[in-house]
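Here is a briefing on one protein chain. Keep the model open while you read.

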Amino acid sequence: MSTARNAVARRAENVGQVQQNDDSFQQPDLRAFVNNMSGELARAVPEHLKPERIARIALTSLNTVEHLAECTQDSFAGALMTCAQLGLEPGGPAGEAYLLPFFNNRMGAYEVQLVIGYQGMVKLFWQSPIAKGLDARVVKENDLFDYEYGLEPFLKHKPAKGNRGRTIAYYAVARTTSGGAVFLVLDRDDIEEIRKRSKSKDKGPWMSDYDAMAKKTCVRQLFKMLPKSTELAQAVAHDETVRTDARLTAIDAPGPYIPGEVVDHQPAALTAGTSSTTGPEDPWAGENAANPAATA
């Protein structure tokens with residue numbers, strides 16, 4: 001009898017090991033879990049976004065992002081709820097937000113870290129009643145570019161025609177309805193220092209959309225000095241965090257912050273206006289391991 005019990009125990013152990021190593025055993029659980037969240041998502045999303053779309057994009061991400069299907073349900077639910085409450089798509093071609101798996105050594109499990117993309121930050125800025133203009137640009141070595149902080153700050157950028165050379169800096173400029181404007185410039189070393197401190201430095205949008213993430217870094221730091229809408233303040237607070245509480249009220253209590261975008265530069269005020277149009281640019285002209293984004 002003991003021999004039979006031992007055989008059954010060994011088989012159960014083997015099955016458990018297979019389930020632990022095979023994502024296909026975990027993914028159906030998360031897929032069902034996402035479908036069961038439809039009610040909560042419907043209560044959270046703003047009018048312009050459908051909960052079914054968030055769920056559909058999330059399910060697609062489970063099939064395309066390595067280890068995402070192995071993440072804890074709590075962190076997956078928290079990330080989806082943050083996207084829903086902010087009105088951002090969690091993946092897909094829009095580049096508004098990304099769901100990235102990170103292995104928590106303390107827990108011994110994968111968790112979902114939400115990384116808000118450049119387009120997500122821009123989208124939330126334009127929803128603010130004080131928004132008048134936002135611009136983020138790439139500076140090349142052959143461009144005419146000069147700026148100064150202090151009591152009489154200024155920023156001048158005239159892109160070179162033809163061969164602009166390699167990328168040397170990024171900057172962001174924001175204007176408000178009150179007539180004020182601020183700008184922030186980050187050079188090559190600034191961007192790389194910030195990227196290297198991020199847990200997502202070698203994966204996700206830093207690899208596939210380097211240019212967009214570099215501009216987002218400028219914009220994110222700039223937003224810290226501006227009056228913000230509730231949604232924009234929540235986005236800055238939740239960016240690159242892990243949220244394990246899917247309750248609606250948890251949006252006001254961000255999860256553990258993973259350092260990655262903290263700089264000492266202070267933005268300067270401007271008196272002149274600037275264009276509110278942004279467009280894709282190349283990153284460090286192939287000098288980084290990251291690939292440039294096709295779109296920003």
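**Aromatic contacts**

One aromatic cluster is formed by Phe145, Tyr147, Tyr149, Tyr171 and Phe183. This is a predicted model: local features need pLDDT of at least 70, side-chain atom pairs count only at pLDDT 80 or more, and totals for chains, interfaces and linings use all residues. Residues are numbered from 1 along each chain as its sequence is written, and side-chain values use heavy atoms, with hydrogens and water left out.

- Rings of Phe, Tyr and Trp (its six-membered ring) pair if their centres lie within 6.5 Å; planes under 30 degrees apart count as stacked, over 60 as edge-to-face and the rest as tilted.
- By this rule there are nine aromatic pairs.
- One of them joins Phe125 and Trp126 edge-to-face, at 5.7 Å centre to centre and 75° between the planes.
- Phe125 is buried at 3% relative accessibility, whereas Trp126 is partly exposed at 40% (buried means under 20% relative accessible area, exposed over 50%, partly exposed in between, with a 1.4 Å probe and protein chains only).
- Phe125 also pairs with Phe223: the ring centres are 5.5 Å apart and the planes lie at 10°, so this pair is stacked.
- Phe125 sits in helix α6 (residues 118-126) and Phe223 in helix α9 (residues 210-223), so the pair ties together parts that are 98 residues apart in sequence.
- Phe223 is buried, at 0% relative accessibility.

**Overall make-up**

- The chain has 10 helices and eight strands.
- Helices (H or I, at least four residues) and strands (E, at least two) are DSSP runs, numbered from the N terminus.
- Of the 296 residues in the chain, 47% are buried.
- Among contacts with a separation of 6 or more, 68% come from residues 24 or more positions apart; contact means heavy atoms within 4.5 Å.

**Helix α6 and its cover**

- The buried residues of α6 are Tyr118, Gly120, Met121, Val122, Leu124 and Phe125.
- Their cover includes α5 (73-86), β2 (109-116), β3 (131-140), β6 (167-176), α9 and α10.

**Helix α7 and its packing on α9**

- What is the angle between helix α7 (residues 188-197) and α9? The two pack at about 100°, with their axes 11 Å apart.
- Axes are lines fitted to C-alpha atoms, for helices over the stretch in contact, and angles run from 0 to 180 degrees between N-to-C directions.
- α7 and α9 are therefore roughly perpendicular to each other (65 to 115 degrees; under 35 counts as roughly parallel, over 145 as roughly antiparallel and the rest as oblique).
- Ile191, Glu192, Ile194 and Arg195 of α7 make the contact with Tyr210, Ala214 and Thr217 of α9.
- By class, this contact of α7 with α9 has four nonpolar, one polar and two charged residues.
- Ala, Val, Leu, Ile, Met, Phe, Trp, Tyr, Cys and Pro count as nonpolar, Asp, Glu, Lys and Arg as charged, and the others, Gly among them, as polar.
- The buried residues of α7 are Asp190, Ile191, Glu192, Ile194 and Arg195.
- Cover for these residues of α7 includes β6, β7 (181-187), α8 (205-208) and α9.
- At the start of α7, a side-chain oxygen of Asp187 comes to within 3.1 Å of the backbone nitrogen of Asp189.
- A polar contact is a pair of N or O atoms within 3.5 Å; within protein, one must be able to donate a hydrogen and the other to accept it, and residues adjacent in sequence count only if both atoms are side-chain atoms.

**Met81 in α5**

- Met81 lies in helix α5 and is buried, with a relative accessible area of 1%.
- Leaving out residues up to four places away in sequence, Met81 touches Met37, Glu40, Leu41, Ala44, Arg243, Ala246 and Leu248.
- Met81 and Arg247 are 166 residues apart in sequence and 8.0 Å apart in space, C-alpha to C-alpha.

**Loop residues**

- Thr241 is in the loop between α10 (230-238) and β8 (268-270) and is buried at 2% relative accessibility.
- The side chain of Thr241 reaches the backbone oxygen of His238 at 2.7 Å.
- Glu240 lies in the loop between α10 and β8 and is buried, at 1%.
- Most residues other than glycine have a negative phi.
- Glu240 has a positive phi of about 60°, and His67 has a positive phi of about 75°.
- His67 is in the loop between α4 (51-64) and α5 and is partly exposed, at 26%.
- Pro93 lies in the loop between α5 and β1 (97-104) and is exposed, at 77%.
- Pro93 and Ile57 are 36 residues apart in sequence and 9.9 Å apart in space, C-alpha to C-alpha.
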